[in-house]
Amino acid sequence: MADSTIITGQYVQIDQTTANVGDRILARIVDYVIITVYYVILYFVFGVGTGALNIGNDDVWIVGIFIMSMPPMFYSLLCELFNKGQTPGKQLLGIRVVMKDGSRPKLSAYLLRWLFLMVDIYLFQWIGIVSIVVTKNNQRLGDLVAGTLVIKEKDFRKINVTLDEFRHLSVSYIPVFPQAENLSLEQINLINDTLFRYTPERPMRIRDLGIKVRDFLRINPPISDESLLQTLMRDYQYYGLEAI
């Protein structure tokens, strides 16, 4: 069973458990059963309608085949898009599609996964299974292209909440101090503790730590010690996300 690591804004490592090949196959079987039931129902509906209304079989079946093929064709895409990364099969097995960083996928990611179903499953049946077995994070080709994982549902809410801590880092964020990448976890924890421990000594501690940080990193920007420490925290978080 593979794990994918995420580092939260509080620098706590979270291992999200990816779904194994057995879970994914069972989820797909459940979805196939639902699609099959759908086909059976429509078969009887069109069959009864043809006899009762005395309509030409050819015309009815041409229209019927077209209508029947549409929902199953987009089944996976629509279910995952509107049910937060889950088809009924995935929901039953307790697994869900997420981005590699644990966030919810966008339409483009769902679309890529759906397009690659043609390669993973429909055209070359075993490619998807082999890819899930041999890749580190149990990803089929569609997952690799879209940058998605299928993870155990129990991890999703925890990951989604912790990633909220990174909202201040926009896509266009540019780190101010490259030296932040070389800070150790212990040093960042000290900065974090100094900034967020609201005691009477806080201003003095920030000033003292600011002096030490400027000397250690050999930087002396014209900003306050508190702004310097906050910026270093953001830059460290940025480099932490880049490494995932």
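The crossing of helices α3 and α5 is right-handed, a crossing being called right-handed if the near helix is turned clockwise from the far one by less than a right angle, and left-handed if anticlockwise. The structure is a predicted model, in which local features need pLDDT of at least 70 and side-chain atom pairs count only at pLDDT 80 or more, whereas totals for chains, interfaces and linings use all residues. Residues are numbered from 1 along each chain as its sequence is written, and side-chain values use heavy atoms, with hydrogens and water left out.

Helices (H or I, at least four residues) and strands (E, at least two) are DSSP runs, numbered from the N terminus. Two packed helices are described by the angle between their axes and the distance between the axes. Here the axes are lines fitted to C-alpha atoms, for helices over the stretch in contact, and the angles run from 0 to 180 degrees between N-to-C directions. Helix α3 (residues 75-82) packs against helix α5 (residues 107-115) at an angle of about 155°, their axes lying 9 Å apart. This makes α3 roughly antiparallel to α5, because angles over 145 degrees count as roughly antiparallel, under 35 as roughly parallel, 65 to 115 as roughly perpendicular and the rest as oblique. Within α3, the residues Tyr-75, Ser-76, Leu-77, Cys-79 and Glu-80 are buried, where buried means under 20% relative accessible area, exposed over 50% and partly exposed in between (1.4 Å probe, protein chains only). Just after α3, Lys-84 takes a positive phi of about 55°.

The buried residues of α11 are Arg-202, Ile-206, Leu-209, Gly-210, Val-213, Arg-214 and Leu-217. Seen down the axis, these buried residues fall within an arc of 140°, so they line one face of α11, the arc being that of the directions from the helix axis to the C-beta atoms. On the other side of α11, Ile-211, Lys-212 and Asp-215 are exposed.

Strand β3 (residues 95-99) runs antiparallel to β4, and five bridges join them. Val-97 stands opposite Val-150 in β4.

How values were computed. Two strands pair if DSSP finds at least two bridges between them.
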